[in-house]
Amino acid sequence: MLIILISCQKGSWRGQERRVWWCHVGAQVLSHSSTGVFLTHCGWNSILESVVNGVPLLAWPLYAEQKINADLVTKDIKVALRPMQGEREEIGSVVKKLMQGEDGKKLRDRMKELKLGAARALAQNGSSTNQISHLALQWQGIMTLINVKRMLVRSGTCLKVVHH
């Protein structure tokens with residue numbers, strides 16, 4: 001379950017905050033300008049989606065690597081706050097810090113820096129784009145070699161493959 005807190009800027013809810021519940025995280029939800037905080041269990045994909053969209057995190061890990069990821073985003077990367085307890089008042093307090101407080105402003109500014117870095121990495125000649133292209137070319141070469149070997153085996157030709 002995903003909870004996203006939005007800050008309403010229009011209509012009868014202007015100036016109020018509302019919780020919106022979704023079952024699936026979508027890029028269109030995180031990229032929407034009204035999305036102010038992303039409550040996450042700190043799975044790596046959710047963290048990356050949040051960084052790419054510049055949305056600060058409310059870290060609420062449950063198990064496994066989520067606790068390590070939560071420590072990483074709160075203590076090291078500093079783009080999340082983590083409630084000490086799972087009680088409603090504590091979560092509400094952390095959300096207010098993220099949305100309105102000075103700590104929240106620092107986190108939002110830090111997340112904006114990371115969003116720009118992610119955009120550079122994903123750009124046409126960005127590091128991530130270049131690396132995935134390089135990997136795809138390597139796989140293509142491996143698949144070509146495998147296909148050639150299969151073709152030669154089917155035809156009964158002997159082939160010795162030498163790896164460099």
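1. Lys105 is partly exposed, with a relative accessible area of 39%; here buried stands for under 20% relative accessible area, exposed for over 50%, and partly exposed for the range in between, with a 1.4 Å probe and protein chains only. The model is a predicted one, in which local features need pLDDT of at least 70 and side-chain atom pairs count only at pLDDT 80 or more, while totals for chains, interfaces and linings use all residues. Residues are numbered from 1 along each chain as its sequence is written, and side-chain values use heavy atoms, with hydrogens and water left out.

2. The side chain of Lys105 meets that of Asp109 in a salt bridge, at 3.0 Å from N to O, the term being used for a side-chain nitrogen of Lys or Arg within 4 Å of a carboxyl oxygen of Asp or Glu. Asp109 is likewise partly exposed, at 32%. An α-helix has 3.6 residues a turn, so residues three or four places apart point the same way.

3. Helix H5 also holds Glu113 and Arg110, three residues apart, which is about one turn of the helix. These two form a salt bridge, with the closest N and O atoms 3.2 Å apart, and Arg110 counts as partly exposed at 29% relative accessibility.

4. How many salt bridges are there by this rule? The count comes to four. One of them joins Asp71 to Lys75, the closest N and O atoms being 3.7 Å apart, and these residues, four apart in helix H3 (residues 65-76), are again separated by about one helical turn. Asp71 is partly exposed at 28% relative accessibility, whereas Lys75, at 55%, counts as exposed. Asp71 and Lys75 are linked with Arg82 in a network of salt bridges.

5. Helix H2 (residues 44-53) includes Ser46, which counts as buried at 19% relative accessibility. Also buried in H2 are Ile47, Ser50, Val51 and Asn53, and what covers the buried residues of this helix includes helix H1 (27-30), strand E3 (35-40), E4, H3 and H5. Leaving out residues up to four places away in sequence, Ser46 touches Phe38 and Thr40, contact being taken as heavy atoms within 4.5 Å. H2 is followed by Gly54, whose phi is positive, near 70°.

6. A further point concerns helix H6 (residues 127-155), in which Ile146 is found. Ile146 is partly exposed, with a relative accessible area of 32%.

Terms used:
Helix = DSSP H or I, 4+ residues; strand = E, 2+ residues; numbered from the N terminus.
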